[in-house]
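Okay, thanks for coming, everyone. Let me put the structure up so that we can walk through it together.

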Amino acid sequence: MLFAWAVCLMACGGDGVPELPEGTDPVRITIGRLDQDLFHAPPDSMAAASRKAHATYGEFYRIYIEDILQGAPVDDPRLPLVLHRFVLDPDWSAAQEAADSVLGDLEPQRALFEKAFTRLKALFPDSLTPRVVAFNSGYNYGLYPTDSVLGIGIEWFIGVDHPVIGYLAPESFPQYMKQRMEPAMLVPSAVKGWLLVHYTQPVDDAELLAHMVETGKAMALLDALLPEVEPHLKLAFSKEQLEWCEANEYEVWKALVGKDQLYSKKGEDIGRWMNDGPFTNGLPRESPGHLGEWIGLRMVQACMKADPKLTFAQLFAIDDPREILKHYKPR
């Protein structure tokens, strides 16, 4: 794969990992630990802990309390009681203990975030570097990107084999979803969420092709921001699912165009290729769900290979997905 970013802004190191261009100022990332600020506070001091958290995290604390936790209005005098019950709940406190034990101080993740957002700053000098905040949502939200904050539900990444994950109801948390609750998924999932919210155009009423290409742009950028991370983790596939995609790319393409779905605006057609699931409906069970993201990535990769001087800024400015599709010739 040849990415314009590698051509324009950096050289490749001896291990094949792109290096930052000389003179690039690294961005500094700290991870706010809202989870520990609440769960490590004495349970009988939730009023003080809440006031301190509000002062520390500002508007995001209100979002956490009211939207993510769905506890109570942030100025409700009953909020300390709600938080007291939350941090003492056996399930949620067990999830927090698991997060503390498995993920610790999040230093490896912090360092990787710093590399990713430094690279993003080099590619898009006007880009906003988010404030990263870890929270315990009681499994309500794994990610919550806002305009300026990248919120992460820390309990979603404690490892599929942890007993807490085994207790999650299968009707709400099917096994394919649990398989992704690994520490290695935290950074790629969070950066992907940030890019999808802040770097893609709305495609609500557009054809399937537009959905694929717009997501494919974000996935190609994610690939460039996190070259240290294995490709299947960035796609939220298993290694075996990615190998299946690569071995069956032409067959997948035939299944897509043979059913005249590429230009469909039907919700069921778009959902078939873009929605998550254990596999893609109509394809073998070895296929992954949300397979359209990978097809979109392959289209974007073909476009950038055909025009090595194309920058990511220029790529994201292309409005017509057909301009990207024309380079894609799966065999």
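Before we look at anything, one definition: when I say buried I mean under 20% relative accessible area, exposed is over 50%, and partly exposed is in between, all with a 1.4 Å probe and protein chains only. Next, the housekeeping. This is a predicted model, where local features need pLDDT of at least 70 and side-chain atom pairs count only at pLDDT 80 or more, while totals for chains, interfaces and linings use all residues. Residues are numbered from 1 along each chain as its sequence is written, and side-chain values use heavy atoms, with hydrogens and water left out.

Let's begin with helix α7. Helices here are DSSP runs of H or I with at least four residues, strands are runs of E with at least two, and both are numbered from the N terminus. In α7, the buried residues are Gln109, Arg110, Leu112, Phe113, Glu114, Ala116, Phe117, Thr118, Arg119, Leu120 and Leu123. How far should the 17 residues of α7 span? The expected span is 1.5 Å times one less than the number of residues. For α7 that gives 24 Å, and its end C-alpha atoms are 24 Å apart, which agrees.

Now, the rings. A pair of aromatic rings is described by the distance of the centres and the angle of the planes. I count rings of Phe, Tyr and Trp (for Trp, its six-membered ring) as paired if their centres lie within 6.5 Å; planes under 30 degrees apart are stacked, over 60 edge-to-face, and the rest tilted. The structure has 14 of these aromatic pairs. Take Tyr64 and Phe135: the ring centres are 5.8 Å apart and the planes are at 45 degrees, so this pair is tilted. Why does it tie together parts 71 residues apart in sequence? Because Tyr64 is in helix α4 (residues 59-68) and Phe135 is in strand β2 (residues 131-135). Tyr64 is buried at 1% relative accessible area, and Phe135 is buried at 0%.

Compare Phe124 and Phe316. Their ring centres are 6.1 Å apart with planes at 85 degrees, so that one is edge-to-face. Phe124 comes from the loop between α7 and β2, and Phe316 from helix α17 (residues 312-317), 192 residues apart. Both of them are buried. Back at Tyr64, ring pairs link Phe60, Tyr61, Tyr64 and Phe135 into a cluster.

Phe135 also leads us into the strands. It stands opposite Gly153 in β4, and β2 and β4 run parallel, joined by 5 bridges. Two strands pair, by the way, if DSSP finds at least two bridges between them. On the antiparallel side, strand β3 (residues 143-145) pairs with β4 over 3 bridges, and a hairpin of 3 residues joins the two. Leu143 stands opposite Ile152 in β4.

The largest share of the lining, 5 residues, comes from α10.

Asp260 has phi near 55 degrees, positive in a residue other than glycine, and it is exposed at 65%. His290 has phi near 40 degrees, also a positive value in a residue other than glycine, but His290 is buried at 5%.
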